Amino acid sequence: QNSELLLNVGGLDFVTTEMATHSNSPHLQAISCGILRHLPIGKDKANDAVNLVLTAMKTHSDDGLVQYEGCRALLQYCCHVPSTAKLMKSEEAVPILVQSQFMLRLPTSNQKEMIHTVN
């Protein structure tokens, strides 16, 4: 599996370092959330990953792609490491997730037409 290979060669450390170094880049944060979602991280590192994702979502609360990729990563962690759900219910995390809910709206009718045309 490519994700296991990436993890074994230090991918998690690389991604987390890049997220911390380039915290002002929404594009890098969104891509990093997507990578974190695919890495088979164990319980011991899952909370750290969730905190990174929440920080990215908080920092870039107005960026839909960061919100989308962040939510996908958080959902993955809830499914594979159920203990992370407790962290997502914390006083700090709930406002971030509520804000994200407003960023991830259903497409407008114009966007639906564009999607239908492309498909």
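**Exercise 1. Work out where Pro40 sits, how exposed Pro40 is and what Pro40 touches.**

Step 1: find the place. Pro40 belongs to the loop that links helix 3 and helix 4. Helices here are DSSP runs of H or I with at least four residues, strands are runs of E with at least two, and both are numbered from the N terminus.

Step 2: check the cover. Pro40 has 37% relative accessibility, so Pro40 counts as partly exposed. The cut-offs are these: buried is under 20% relative accessible area, exposed is over 50%, and partly exposed is in between, using a 1.4 Å probe and protein chains only.

Step 3: look for partners. Skip the neighbours within four places in sequence, and Pro40 is in contact with Ser3, Glu4 and Leu7; contact means heavy atoms within 4.5 Å. Take Ser3: Pro40 and Ser3 are 37 residues apart in sequence, with 6.8 Å from C-alpha to C-alpha.

A quick word on the model: it is predicted, so local features need pLDDT of at least 70 and side-chain atom pairs count only at pLDDT 80 or more, while totals for chains, interfaces and linings use all residues. Residues are numbered from 1 along each chain as its sequence is written, and side-chain values use heavy atoms, with hydrogens and water left out.

**Exercise 2. Is His60 buried or exposed, and which residues does His60 touch?**

Step 1: His60 lies in the loop between helix 4 (43-59) and helix 5.

Step 2: the relative accessible area of His60 is 7%, so His60 is buried.

Step 3: ignoring residues up to four places away in sequence, His60 touches Ser23, Asn24, Ser25, Pro26, Gln29, Val66 and Gln67.

**Exercise 3. Describe how helix 3 and helix 5 pack.**

Step 1: get the distance and the angle. The axes of helix 3 (residues 26-38) and helix 5 (residues 64-80) come within 8 Å and cross at roughly 20°. That's why helix 3 is roughly parallel to helix 5. Axes are lines fitted to C-alpha atoms, for helices over the stretch in contact, and angles run from 0 to 180 degrees between N-to-C directions. Under 35 degrees counts as roughly parallel, over 145 as roughly antiparallel, 65 to 115 as roughly perpendicular and the rest as oblique.

Step 2: name the residues. On the helix 3 side, Pro26, Gln29, Ala30, Cys33, Gly34, Leu36 and Arg37 take part; they meet residues of helix 5 including Leu65, Val66 and Glu69.

Step 3: sort the residues of this contact between helix 3 and helix 5: eight are nonpolar, four polar and three charged. Here Ala, Val, Leu, Ile, Met, Phe, Trp, Tyr, Cys and Pro count as nonpolar, Asp, Glu, Lys and Arg as charged, and the others, Gly among them, as polar.

**Exercise 4. Now do helix 4 and helix 5.**

Step 1: their axes come within 9 Å and cross at roughly 160°, so helix 4 and helix 5 are roughly antiparallel to each other.

Step 2: helix 4 brings Ala46, Ala49, Val50, Val53, Leu54, Ala56 and Met57, which meet Val66, Gln67, Gly70, Cys71, Ala73, Leu74 and Tyr77 in helix 5.

Step 3: by class, the contact of helix 4 with helix 5 has twelve nonpolar, two polar and no charged residues.

**Exercise 5. How many helices and strands does the protein have?**

Step 1: count eight helices and zero strands.

Step 2: Of the 119 residues of the protein, 29% count as buried.
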